[in-house]
Amino acid sequence: MPQPPAQRSRRFLLASSPTPEGASEGDEEGGMPPRQPRLAWQETWSSRGSNRPAEDSLLAVERTPVEAFLPEEDSSPAEDIAQAAGSRPVEESQDDVQWLDPNKAWKLCRDKAVEFIRAYVRGTEKDDEEQKMLFLSKICDLCRCVTEKGAPLNLHGFCSKHKLVENIMALLEKEPVDSLRTAFRQKAMETVALLSNTAPTALHGKKERLLNMCCKSVFFLPPESDVPETERVLYTKTMKAMDTMLEGFVLNCPIASFNIEMQNMLKVMLDFAVSKNSAVRERAVKAIERLITFIRWYLVIKITDDYENYSDDEPTELYIPILGQLLGILFIFTGDKDSIRFTALETLSHIYKIIRKGRAYSLTEDMENYAERHKNLEDTAYPFSTTSTPCEIAKGFGGHLFPAERLDIVLTALEALQDSSIHDKQGACSVLDAALEDPFYWLTDVPKTMECIRRNLGSIHTASARQCLDSLLLKLTDMMSRREVKNLLQFSPPRDSTDLAMWEVILAMPRTLEKILNIMMEDLPLRNWCTAVTEDTCIRRLALLAQNHIYEEDFGNPVHLQSYLRHPRPEMRFLVLKGLCTVSESPEKAREIQVLLPDILEALQDTNTDFMLNALPVLRYVMAHVERWKASGPALQLAEKLLPLFDHASSQVREHSICLFQAMTEAMLWQRKKEMKRTVHRSLLPLYVHMRDQSESVAKASGKALAVAAEFLRRKELKRLAQTEQTWRIGECLLQQDRGKVEEYLQQSQTYLQDTQTDLRLEAVRFIGLAARYCEDQSEEKLVEILSVLQPSENDPEPMVRSLAVQTTLILTSRHNAMSGRRFPLLCCC
């Protein structure tokens, strides 16, 4: 933290040196400018807070005119740096300058600097290290000659004409980022700092580009721990030079544009603060911390130290448009576990003290109320501890932030949830938790927040991030106004998969859907607008369909949704099914959409698991509320389509399809039994096998469905065995009671020999061995056929399956050999 000067200083912000009358930008001589007083911070305060001049800073150097020409007796810091780079300073004989008076000596120094700078700028070979360092030294000499020693020159015109700043940037761009071999970076930033003090208008419109170039040149250096020992001192001096340059920018910034220029500087460094390179990120955050520290000293301590000369027009508050984004990033960084966390906390401490003091008299009523509710999080000595969470820090700041800043914090946290973001997802979620706790204070602009969600949703797949995002989306939906509801409905038909994902969340929650529908039905113009039959009414009609109090003339025929269930885009079909899943929970609506059953049944043919998981509940709700005499036809179709789903890879699909099949069988117990009988017969073996399913819920559902199927077929013994879960006896019961269907059972059981579940493969081998006993065809050809079916199982990856397959093969072969002479009862191979 920089300290104030030991003695009362003069004013810190100075206008640029006045240009003599009649001197144009190209007129480099001009008149003698008024001599400016030497600034207190140059005389008594170094960039690190010392009360003596910094030895390594060219800003604290004093030289006499004659000594400037005598490097052997006393060389300037600029010449020392040039020597460190392997160059020799320009030397002149002492006899040539002894006769000069001081004024002439400084004019001669100015002329030689001008001559060298002109020659260097016009030259073609600018990469020589000695010449580069001498170029910077001559710029520094020229600044001193003009501003401190009274050698007349239109410095701004000279800098602009010869593009000195542009040349410095070009040289910085060529510096290697993998090493710090020379002091050029240090010298360049010190030179820029001197220019910002002596000719600030020469940097006008170039500071951001210049700062960006300096940051690139310094931040991408190897981590400090990897810097060679020989470069450690040079590394430290280079970092100090950057601080000196930033401080010069602050001190010489025009009063009227102070906040804007601070924003531009912070924006440049924020771009590096989110770099994927951890070393770059850490250096950038540290640079921001030092800049904010200096700004706080400038805004707060300077006022008390120079109170008599301080003007009310000068800035006392840090109010910059980028503040919300800066705070959002720093909040998230406090959730990290590396060293950047402590730097972020220190930076936030300074920002907090600045805005709390500067905005004490500009808080609105809601800001004051929020601050009062969270005053337990505030501490005037040190606002936040190392144990504070991002959520707590955000709430501690919240009472001192304007609505636009709070919105930027929320948007920054949302963007940090992206998979590609370098930010900690838990930290970003923690920041959003503060907004979810008090949404009407933080979520001040629902449309912008919704648009940010829509823009980023497709790039967010982390489970915790999606859960946080879904909660925020539902909260925003609850807060929507009528106008915002209308805007949301204009996302229909969805423009892309992101819109579909948003609607998937909204339609999945009855409370948010009810919120939208109530607004629609209370507002007649919106209601009429939504009922128009146009090409893009999918979501609107789906929403109206869920409204309980709606007349037929308002809604029209639900058959309009058929076109969307047949839409070529699978995303559209999925969205409609998702909405119907919510809507069909209402008995009235379930009966209304029975006309859509054929199209919903078609959705079961899709290989997408999500399609099936949304279609099956809709079918269950609809079939449960359709009148019995109307349900028989669709039930027959549905039961047939459900059989293949018993063996689906998803346990949820297996469970839902078996439960729905049970419901269809119960519905058909007393109607159209003849048509349903064959389908129920085909379900017996799959249901029996899945009683061994590794999913407990699927196994229980299979047992219940098998008991209902047995009741439908009037098989009392089979029903009893299914209800008591005597699985080992069910297979033989099936074969004894259906001797005419043994071949069919054999065909069905073969598919389970390749099932992914070990228990199902074991059950299939057992059943095939048992079925051979009841097979009417006992010929050798039939035996060979059965053995060929079992042969692949002898190489099964599971030892238990291999062993049972080999054992069954031996038993079947022995039995056949024994029966070739006389008939013996078939051995049980269980």
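Phe646 and Phe661 are both buried, buried being under 20% relative accessible area, exposed over 50% and partly exposed in between, with a 1.4 Å probe and protein chains only. Before I go on, this is a predicted model, where local features need pLDDT of at least 70, side-chain atom pairs count only at pLDDT 80 or more, and totals for chains, interfaces and linings use all residues. Residues are numbered from 1 along each chain as its sequence is written, and side-chain values use heavy atoms, with hydrogens and water left out.

Now the chain as a whole. It has 41 helices and 0 strands; these are DSSP runs numbered from the N terminus, H or I of at least four residues for helices and E of at least two for strands. Of its 830 residues, 56% count as buried. Take the contacts with a separation of 6 or more: 72% of them are between residues 24 or more positions apart, where contact means heavy atoms within 4.5 Å.

Next, the aromatic rings. How many aromatic pairs does the structure hold? There are 14. Rings of Phe, Tyr and Trp (its six-membered ring) pair if their centres lie within 6.5 Å; planes under 30 degrees apart are stacked, over 60 edge-to-face, and the rest tilted. Tyr120 and Phe135 are a stacked pair, with 4.5 Å between centres and 20 degrees between planes. Tyr120 is in helix H3 (residues 102-122) and Phe135 in helix H4 (residues 129-147), 15 residues apart. Tyr120 is buried at a relative accessible area of 5%, and Phe135 is buried at 0%.

The charged end of Arg406 is over Tyr441, 3.7 Å from the ring centre. Arg620 lies over the face of Tyr621, at 5.2 Å.

Is Arg715 buried or exposed? Arg715 is buried, at a relative accessible area of 13%. Beyond neighbours within four places in sequence, Arg715 contacts His681, Ala710, Gln737 and Asp738.

Last, helix H14 (residues 365-373), where Met367, Tyr370 and Ala371 are buried. Their cover includes helix H15 (390-398), helix H16 (403-415) and helix H18 (439-442).

Technical notes: Lys NZ or Arg CZ within 6 Å of the ring centre and 35° of its normal.
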